[in-house]
Amino acid sequence: MGSGDLTGSGGPGRGRPVGSKVALVTGAGSGIGRAVALELAEAGWSLVLAGRRADALAGTARLAGGSALTVRTDVTRPEEVDGLFAAVRDHFGRLDLLFNNAGTFGPAVPVEELAYEDWRTVVDTNLTGAFLCAQAAFRLMRAQRPQGGRIINNGSVSAHVPRPHSIAYTATKHAMTGLTKSLSLDGRRYSIACGQIDVGNAATEMTERMSAGILQADGQVRAEPVMDAADVARTVRHMASLPLEANVQFATVMATAMPYIGRG
Ligand SMILES: NC(=O)c1ccc[n+]([C@@H]2O[C@H](COP(=O)([O-])OP(=O)(O)OC[C@H]3O[C@@H](n4cnc5c(N)ncnc54)[C@H](OP(=O)(O)O)[C@@H]3O)[C@@H](O)[C@H]2O)c1
């Protein structure tokens, strides 16, 4: 698995209780990824948890009951993504769900001040990382029998409208919508369903600034309402529970009173 570490027991295809479906969550060590992993564990899914921080993944695995496979992975590195999916194949023999969630916001600075390296980090994580994971999942889902599976991409309300000082994040989240649509179309013939959840202001490390006070379009700095990441997780659980003949193509789950609808 590239330079990543793997924990968990069992040989090829042996990690999965009979009848249980297999889900891979990227960015599973915190925030929405962790909340989704816990929700899927409760629903009986076998879990693979990926992210860069081994201790954070172990924490999620512990909370999820201890049987999840954790694979330390940087999704920006193709060889580590290859290793992650080889581990999924070896351990579980198949993949039924990818929650393509790993992401980063990058520094909130004016367009003209964004460093090239920071642009690259956001693009490599949010777009290239999501593509690499989706491509590897697609290959596995196409080849496995029974054929097919589901990919749920984590977009954002920033897939629709920007915040001030978020050009890299906004551009990559708009691009995520393109990934979702292409995967949906190309997946049809292989029973691969692809949907997208667009979240607004779930309380996580990434959104600490929202409740502290964040720059608004009118130039003021104001605190914004947030919601519990568990409310996102329940929606992902529902999307994941559908038969492959049905798909939630796009879902928006946001803090009810956040400044999004109504131009502020
Ligand atoms: N919270 C919201 O309101 C909100 C709104 C819209 C969209 N989202 C989206 O939700 C997703 C999760 O964000 P969050 O709010 O839960 O924030 P978070 O707690 O910061 O989660 C981001 C996760 O991505 C992982 N990650 C970052 N870079 C990675 C890389 N190169 N390789 C592998 N994993 C990587 C991080 O784990 P490591 O650091 O351990 O790698 C972390 O667990 C993101 O895609 C974000 O854009 C969130």
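I began with contacts in the protein chain (C-beta atoms, placed from the backbone, within 7 Å). Of those with a separation of 6 or more, 71% are between residues 24 or more positions apart.

I note that this is a predicted model, in which local features need pLDDT of at least 70, side-chain atom pairs count only at pLDDT 80 or more, and totals for chains, interfaces and linings use all residues. Residues are numbered from 1 along each chain as its sequence is written.

I listed 7 helices and 10 strands in the protein chain (DSSP runs, numbered from the N terminus: helices are H or I of at least four residues, strands E of at least two).

I looked up burial next (buried: 20 or more other C-beta atoms, placed from the backbone, within 10 Å of a residue's own). Of the 264 residues, 45% count as buried.

I followed Val48: beyond its neighbours within four places in sequence, it is in contact with Val22, Leu24, Ala68, Leu69, Val71 and Val88.

Of the 31 residues around it, Gly27, Gly31, Arg52, Gly103 and Ser156 come nearest. Elements giving two or more residues to this shell are α1 (31-42), α4 (116-143) and β7 (192-200). I see that α1 gives the most, with 3 residues.

Note on methods:
A residue is near a molecule or strand if its C-beta atom, placed from the backbone, lies within 6 Å of it. A residue is buried if 20 or more other C-beta atoms lie within 10 Å of its own, exposed if 12 or fewer, and partly exposed in between; C-beta atoms are placed from the backbone. Two residues are in contact if their C-beta atoms, placed from the backbone, lie within 7 Å.
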